[in-house]
Every structure is written in C-alpha cells, then in structure tokens.
Protein chains: 2
Amino acid sequence: MSHWFHDGKPASVVPLDDRAFQYGDGLFETIAIRNGEPRLWRYHMDRLAAGCERLRIAVPDAQPLRKQLGVAVTESGEIPGYCAAKIIVSCGVSARGYARENPTAANTYIGIFATRPVAAELYRDGVETRVCETKLALFSATAGLKTLNRLEQVLARSECHAHGAFEGLTLDAGDQLICGTMSNVFIVSNEAISTPSLHRCGVEGVMRRHTIDTLAANDITVECRDIGKDELFQSDEVFLTNSQFGVLPVRRCGDKVWRQHPVTQKVMAMMARNGVVECVA
Amino acid sequence: MSHWFHDGKPASVVPLDDRAFQYGDGLFETIAIRNGEPRLWRYHMDRLAAGCERLRIAVPDAQPLRKQLGVAVTESGEIPGYCAAKIIVSCGVSARGYARENPTAANTYIGIFATRPVAAELYRDGVETRVCETKLALFSATAGLKTLNRLEQVLARSECHAHGAFEGLTLDAGDQLICGTMSNVFIVSNEAISTPSLHRCGVEGVMRRHTIDTLAANDITVECRDIGKDELFQSDEVFLTNSQFGVLPVRRCGDKVWRQHPVTQKVMAMMARNGVVECVA
C-alpha cells in the first residue's frame, strides 16, 4: 500500500509532461520512519542537496520538506509510524526536449509505504545473495547519486528476484564489486573493513555513510577502495547496509558460504547503539 | 503544445506509482509525422521491439498502436499533420521495489507535439555544435536503446543550450565520439563515411539506420567503428541524423569550421529521394 503527497496534500498522479516520467530527470531518497520520525534525516538531506547541486537542480528547502513528511506519515496511518518514506525530487513539467533551465526548480513528492522488519534470523545467520549478470556502466556522470535513472538496478534486481536471492551484488563492467541492487556492501579481511569506491558508478547509501561514521567514532577506519570480484569471495565476512534494514551479514554469495560473522556482529552492535535498533543479532 | 493519449483517449496524467516515473523503467520513440503519416514506422517498431526484448518487457502490438497513433494525430489538430509523435512504453504501476515481473506488461502513451522545420539555410550551411563536457558511461547494459533513463542527455543538452549550440556531441568516458544529444553523427574522411559503433553506449537512431540503408542501396558502405575525438576534428565533413530533421551538415564544432559539405550534400540528395523530403539543400 502506498500513500502519495504533493505540497502537503494527498496526490495520486503526476503530469505526463513531468520530466521525471519523460527522462528520469530527478533524484530520490528512501527514508526509514521509526516511531514516526525519519531516521538519519540530516544525512538524507545532505545527499539530496549534493545530488541537486551535481545535477544543477534547485535544492529543496529541508525544513518545509520535514514538515510535509510529518504530515504524510500522520495522514498515511502507518501505525506505529514504522514505515518507509520515499521523497522524489522531479525537475517538473517542461516543453519537449532534453534541455532544462539552469538552475531548475524542483517538485517534491512524498510516498509512504508499509514495510515489515527483516526477520530476526537473517540478522543472526545472514542473507543469501548472488552476483548479478547485469553490470553497472563505468565512469557514470551521475556516479554516487540516487537518481531516478534506475534501469540497471531494475534489471539486476529482477534477476535475483527470479532466483529467490535476498539481494544481488553488482559488479561494474570491469568486474569490480560496486554495491547491492538496493544496498551497499562491505567486506572484512583479517579484521580490516573495506567498502567499494563509488566514484565510477554506484549509489552512496546513507546507511553506508552512517556505518563509516559510526565505525570512525569507535576508532575503526573503513577503507574505500577498488575491490575485485575475486577479493569478495576470498574475504572473511561480507555485510550489507541499507536505510531500512540497517546492517545484515551475508551468508552466501553463489557457491560461497560464510558461516561466522564475528566482525559484522560487532559492527551491528555499534550500529544498534547508534540508533539502528534493528541491528541486534 | 503537447497532446497526450492513452488507450486511444486523451490523457494528461500518469499514476505516481508508475515505474517510468519511479525508475525510468521503459522506452520511447520519437516519430516524425509528415502529411499525417508516421515516417519510418517499421524502423521505429523494430527498434521498440528490440528494446523491449532486451529489457524483458512485453512487446506492444504494432497494429493497434498504429491505429491509436492515427487517432492521436487527428485529434491533436496539428495541421497539416506535420508534427512529432512520442510513444512512451512504460512498465506500468507496481509495488515499491526495483524488481518487476518477467516478462512485464507495458503501458503505452502517445504524445503529439507541434514542431517547426529546421531553417533551410542550416541544411545548406550546416549547424553549430560543441563537444559536451558530460561524458557517456561505458559498457552500459542499455547501450543502443532509447530508454527513459536520459539524465546523461539532459545534462549534455543543457550544456549546449546554455552555449547556444544547435547540438552537442557526446564522447564516452574513453574520449571516443558516440553521438549527439538528440542525433547520431557521421564523419567523412577521403570520401569514406563512418559512424561511431554504439555497443558500449549511445542510442541507435532510426534515421541513422535509414541513412546507412539508403547509402547501402546506393552502393555506399558506412563503416561502424570506434572514432576518437581527434579523428572527428581531422575529418573532411561531419553530419548529423535525427528522425525529425533527417540529415544536417555540421558547420562548426568548437573552433573547428567545415565550410564545404560535398559528400554530405550527396547523402542528403539520396535521403530526399528516399522519403526524407527536408534534405534538399
């Protein structure tokens, strides 16, 4: 069930001339609502602002957006305020043609979605993944951003859906590990934690940033670097991050099985203490 | 002025949950309507079908679509049937999440847009272009397709718009020439005609194919191959193709000026004889 809002009022449709529909011209954020409050709001607004600047879209004002989000959560009736909010920033209606004004005003739409917590045993035992056949294009002009151009993720996710995997891990065209279709990925080798560099493609997730910051506050440095496919399979542990589920260990990727996740469990405990309450194994 | 139609009836909006709005999950065709008839209809339908197959979307049936297009052209009142039609194939409404059913049913929307012919002197003297700073990502899973993920073109086109250029030429991240933001590009060197290979990125335009086929019917082979940025500037002539304007010579790209376009003029004459009536210099 979804509930959409625009300008603080319930909405169900968007004009056919909207540039998000025509070109995917916009950005979005998917925010966990916990006890009626948006989690990691500042990180989401930081990323949205950075994305708007890179795409030369006027940055939406966070304060009225926060107010509209509160109204949307209340009016959606998702009780007790445990749900997902999707904020879509579209470049709005324009005449036909790719060019737009510079900077471009943005329209915001807020969707509220019922969500269920991930089963507790997956936090304990880990999730099943596979490497997707769909690869991410290299040196994308929108690398790192959560834009409305998500066909690569649609194709990759539809693959793992067909195979019953919880998540698909995507490589770039050079066979470097990048991220999951809906998550970021971290590997643990000899107790050192690394996560793929996302300057050529991929999405810089808000929970990825929160994980890096939480670990830094615990004097643990995460190395952001190139990680090849082989290194993924040789690593001691693998875990995923996502705004909704927080941190989840990976139990399997294809034929490779990881049965123990001691470092990941420590990370999860730190995250739980830092507001990501799901992360208790 | 735009006129939109869905299922043969006037339409102005699309559901907010539509996957084209959420993810750019779909394809489109922009078709020249001349004397009320769609030009190169079969080529457009071929490309649409190929795109749907690659993206695993159910291929829309061409015959009812042709009928709906006829109704849309008539009802839009764009007289005397000189306009552009945009057919959007969206994957339709789904629950939140990237994954979709396989194969996925498609919704089609038809937009009719008033267009003006390009000024005659541009067919004679050529158009101004520039090389865009925005580069196309390499090894795209949707290379060649006209998908609804068009942010690269939005960014590139907005650049040339700002500089007053008729068209922007886009390179890939490896500095190979790929296409224009809304056109394909051909170069002439020692009377030999070449066009960039589009297997790593770019859109395979319908007018590009019609040009290659028309030249083949005149015993002229177009070589599809990698063309570096330097080779673009060293070429004797450059021309563009697009479904609406047909073929246009390039007069300038940045500082480089081409004053004569003898081979291009021959190509234009062949295209004019093969139904692209705009191409008379």
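**Close-up views of a predicted two-chain model**

**View 1. Strand β14(B) and its two partners.** In strand β15 (residues 246-253) of chain B, B:G246 is the bridge partner of B:N242. This is a predicted model, in which local features need pLDDT of at least 70 and side-chain atom pairs count only at pLDDT 80 or more, while totals for chains, interfaces and linings use all residues. Residues are numbered from 1 along each chain as its sequence is written, and chains are lettered from A and ligands numbered from 1 in the order in which they are written. Helices (H or I, at least four residues) and strands (E, at least two) are DSSP runs, numbered from the N terminus. β14(B) and β15(B) run antiparallel and are joined by four bridges; strands pair if DSSP finds at least two bridges between them. Three residues separate the two strands of this hairpin. Strand β11 (residues 184-189) of chain B is also antiparallel to β14(B), through five bridges, and B:V185 stands opposite B:L240.

**View 2. Burial of β14(B).** Strand β14 (residues 237-242) of chain B has six of its six residues buried (20 or more other C-beta atoms, placed from the backbone, within 10 Å of the residue's own; exposed means 12 or fewer, partly exposed in between). One side carries B:E237, B:F239 and B:T241, and the other carries B:V238, B:L240 and B:N242, so that both faces are covered.

View 3. Four of the five residues of strand β12 (residues 192-196) of chain A are buried. Strand β11 (residues 184-189) of chain A pairs with β12(A) in the antiparallel sense over three bridges, with A:I187 opposite A:S194. Their hairpin has two residues between the strands, and A:N190 there takes a positive phi near 50°. Strand β13 (residues 223-225) of chain A runs parallel to β12(A), joined by three bridges, and its residue A:E223 stands opposite A:S194. Helix α6 (residues 206-217) of chain A links β12(A) to β13(A) in a right-handed β-α-β crossover (clockwise from the first strand over the helix to the second, with the strands pointing away from the viewer).

**View 4. The six-stranded sheet of chain A.** The open sheet has the order β2-β1-β7-β6-β4-β5 in chain A, with antiparallel pairing. β2 (9-11) and β5 (37-38) of chain A each have a single partner strand, so one side of each lacks a neighbour in the sheet. Strand β4 (residues 26-34) of chain A is joined to β5(A) by two bridges, with A:I33 opposite A:P38.

**View 5. The contact between the chains.** Chain A and chain B each give 48 residues to the contact (C-beta atoms, placed from the backbone, within 7 Å). On the side of chain B that touches chain A, α5(B) gives the most, with nine residues. Strand β3 (residues 13-15) of chain A pairs with β3(B) in the antiparallel sense over three bridges, and A:P15 stands opposite B:V13. The copies meet through the same surface, because 100% of the interface residues of chain B are also interface residues in chain A.

Definitions and conventions. Contact = placed C-beta atoms within 7 Å.
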